[in-house]
Amino acid sequence: MIRPWTSWHAYVAGVLHGDAWLTPLTIGLRVKDRGFADAFAIGVNEICRTALQAKTDERGYWLVRGGNKSGRFNGLKQFEPANNDDLSSWLRGLFDSEGNAQLWLNEKMGPHSYHRRIAMYSTELPTLELAGEFMEWLEIPHSFRSTKNSAGHFGTKEVWELRVTRREGFLRFADMVGATDPRKQDRIDAIARSYR
């Protein structure tokens, strides 16, 4: 879902702090979700007047890639949000890259008890600290913590979690940030509605 107030500069900058890359030669994104790849391509095209498209690669992922020898994409990652729409779009780009949303009934705790999580993960603590600042400006309650790397985690770097907290936080995140992936957005909305 692409929200009508999306600031493309801010969205692309958020993605570049996550899954996308920008080098002296190329800009790109390789992901499983076509909607995410399409949103990134639209954003880059809107900003730089290019015609990038998401295409499947040899592994079945969606790939968006463009040449950067001229330096036309330089500076996209350094975009600084100037208003709430920018803050929301930047956070959405990072969440599309590095976030997940979970909701399930926790019957051990009672018939109406739910496990709720909206969080972003990164080995780059400054990125999550910046996202935390943006959440503060949007008045989205959150917390930081270092996580224990799972068995399937590659690498030895410490992974950090930026997690939305409290009912107010879930409601504001659903309303102000959201996700481009409809399945993720459905979960975010369900979390916000799960309170009695």
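Thr56 sits opposite Trp62 of β4. The two strands involved, β3 and β4 (residues 62-67), run antiparallel and are joined by 2 bridges; strands count as paired here if DSSP finds at least two bridges between them. Helices (H or I, at least four residues) and strands (E, at least two) are DSSP runs, numbered from the N terminus. Keep in mind that this is a predicted model: local features need pLDDT of at least 70, side-chain atom pairs count only at pLDDT 80 or more, and totals for chains, interfaces and linings use all residues. Residues are numbered from 1 along each chain as its sequence is written, and side-chain values use heavy atoms, with hydrogens and water left out.

Now zoom out from that pair. β3 and β4 belong to an open sheet of 4 strands, ordered β1-β2-β4-β3, with antiparallel pairing. β1 (21-22) and β3 (55-56) are the edges, each with a single partner strand, so one side of each has no neighbour in the sheet. Helix α2 (residues 34-48) packs on this sheet and touches β2 and β4, its direction making about 160° with that of β2. Contact means heavy atoms within 4.5 Å, while axes are lines fitted to C-alpha atoms (for helices over the stretch in contact), with angles from 0 to 180 degrees between N-to-C directions.

Working along the rest of the sheet, β1 and β2 form a hairpin with 3 residues between them. They run antiparallel, joined by 2 bridges, and Leu22 stands opposite Ile27 in β2. On to the next pair: β2 and β4 are antiparallel over 6 bridges, with Gly28 facing Arg65 in β4.

The other sheet is also worth a walk. Here 4 strands make an open sheet in the order β5-β6-β8-β7, with antiparallel pairing. β5 (99-105) and β7 (142-147) are its edge strands, each pairing on one side only. Ignoring direction, neighbouring strands of this sheet are turned by 30° against each other on average. β7 pairs with β8 (residues 159-164) in the antiparallel sense over 6 bridges, and His142 stands opposite Val164 in β8. Helix α5 (residues 166-176) packs on the sheet, touching β6 and β8, at about 60° to the direction of β6. Another helix, α3, lies across β5 and β6 (114-122), running at about 100° to β6.

What about open space? The second largest pocket holds about 220 Å³. On a 1 Å grid over the protein atoms alone, a cavity is a set of points where a 1.4 Å probe fits but cannot get out, whereas a pocket is an open set with protein on both sides within 12 Å along at least five of seven lines; lining residues have an atom within 4 Å of a point. Grid points are joined across faces, edges and corners, and a volume is the space filled by probe spheres set on the points. β2 (26-31) and α3 (84-98) each supply at least two residues of this pocket's lining. Among the lining residues are Asp19, Arg30, Lys32, Phe36, Tyr61 and Asp181.

Finally, the whole chain: it has 6 helices and 8 strands, and its C-alpha trace spans about 60 × 40 × 30 Å along the principal axes.
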